[in-house]
Amino acid sequence: RAGWLVRNHPEKVRASYVINEGGGQAIPMNGKNVFTIQTAEKGILWFKVKAKGTPGHGSVPSAADNAIMRMSKVIETLGSYCAEISMVPTVKQFLTVLARENNWLRAALHLLFQNPALGDAALDQIALRDRGMAEEIRSMLRMTIAPTIVHGGVKENIIPSECEAVFDCRILPGQSIEDAMNRVKELLIDVGLEKLEFDVIQANEPSESPMDTPLYKVIVDVLNEFEPGCVVAPLLLTGGTDSRYFRRLGAICYGFHPLRSDLPYGEIIKMIHGVDERISVKNLVFGTSVLYSVVERFLAEA
């Protein structure tokens, strides 16, 4: 695995530049494609919360302290948390390009630029026409917390004394794992921190690479040779890739495997990690050809 290699054998994988997954998908806009280059990604904080209580008989629930009830408050509090909007430079540039290329997006995004506090109202407008795009942008603008696993109870007639849940938290560049964990605990003060235990399962800080580099320019030039008039925009990935490990070594990392949108963009987003995730043969040929040309051109100019 990339993380293990970076930690244990950095000299074997050290590079000035890395091309990885996580970008390249074209967004169709007014008859042209906007190709993305992933220059940043959110940080990952997976953590477990264990709620404690007092066991008892299920027929007399008020005599016990039900850990599942306590966990339900934890899940409701964290799952419904809506963090303040924060627009990092990569996202601002990405949205600026979309606004320039798409008339119906322009008005909604102008509202977001002018007053980030009204950002959700702007995104709700976008969702009326493209829910997939709206929700992806929404996740680019704030820290998110999603409950993903719940375990509790041992028998039908026993009030459980423990219940645990796992949460997937993603943070923006400029935010830290420590600050995010502190925020989680602040949100749960009213639930009763003395009856909650926290365990970090995995944590990776957010990462970002600059756009003003020779490789980025080569990618833009090659894309325009394969598709004259196309547009290129940097992208903040809401998920995580191995780029986070190589950026720790000082590498400039871009997520880039170019794909044309031969399906509606919202449908493509929904297929990621889905049961029918796929690309067309034409896209396989296109993406491989562009990547080959990018590497060949960059090495020739280096």
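Buried residues are those under 20% relative accessible area, exposed residues are over 50%, and partly exposed residues fall in between (1.4 Å probe, protein chains only). The model shown is predicted: local features need pLDDT of at least 70, side-chain atom pairs count only at pLDDT 80 or more, and totals for chains, interfaces and linings use all residues. Numbering starts from 1 along each chain as its sequence is written, and side-chain values use heavy atoms, with hydrogens and water left out.

**View 1. Overall composition of the chain.**
The chain contains 12 helices and 12 strands, assigned as DSSP runs (helices H or I, at least four residues; strands E, at least two) and numbered from the N terminus. Its C-alpha trace spans about 75 × 50 × 35 Å along the principal axes. Of the 302 residues, 45% are buried. Contacts are counted for heavy atoms within 4.5 Å; among those between residues at least 6 apart in sequence, 79% join residues at least 24 apart.

**View 2. Helix α5 and its buried side.**
Helix α5 (residues 103–114) has 12 residues and reaches 17 Å from its first C-alpha to its last, close to the 16 Å expected at 1.5 Å a residue; the expected span is 1.5 Å times one less than the number of residues. Leu105, Ala108, Leu109 and Leu112 are the buried residues of α5. They lie on the same side of α5 because they cover an arc of only 95 degrees around the axis, the arc being that of the directions from the helix axis to the C-beta atoms. An α-helix has 3.6 residues a turn, so residues three or four places apart point the same way.

Cover for the buried residues of α5 includes β2 (26–29), α4 (89–101), α6 (119–127) and α7 (131–140). On the face turned away from the buried side, α5 carries the exposed residues Asn103, Ala107 and Gln114.

**View 3. Asn30 in the loop between β2 and β3.**
Asn30 lies in the loop between β2 and β3 (32–41). Although Asn30 is not a glycine, its phi is positive, at about 50 degrees. With a relative accessibility of 53%, Asn30 counts as exposed.

**View 4. Lys155 in the loop between β6 and β7.**
The loop between β6 (144–152) and β7 (158–159) holds Lys155. Lys155 has a relative accessible area of 47% and is therefore partly exposed. The C-alpha atoms of Lys155 and Thr241 are separated by 40 Å, and the two residues are 86 residues apart along the chain.
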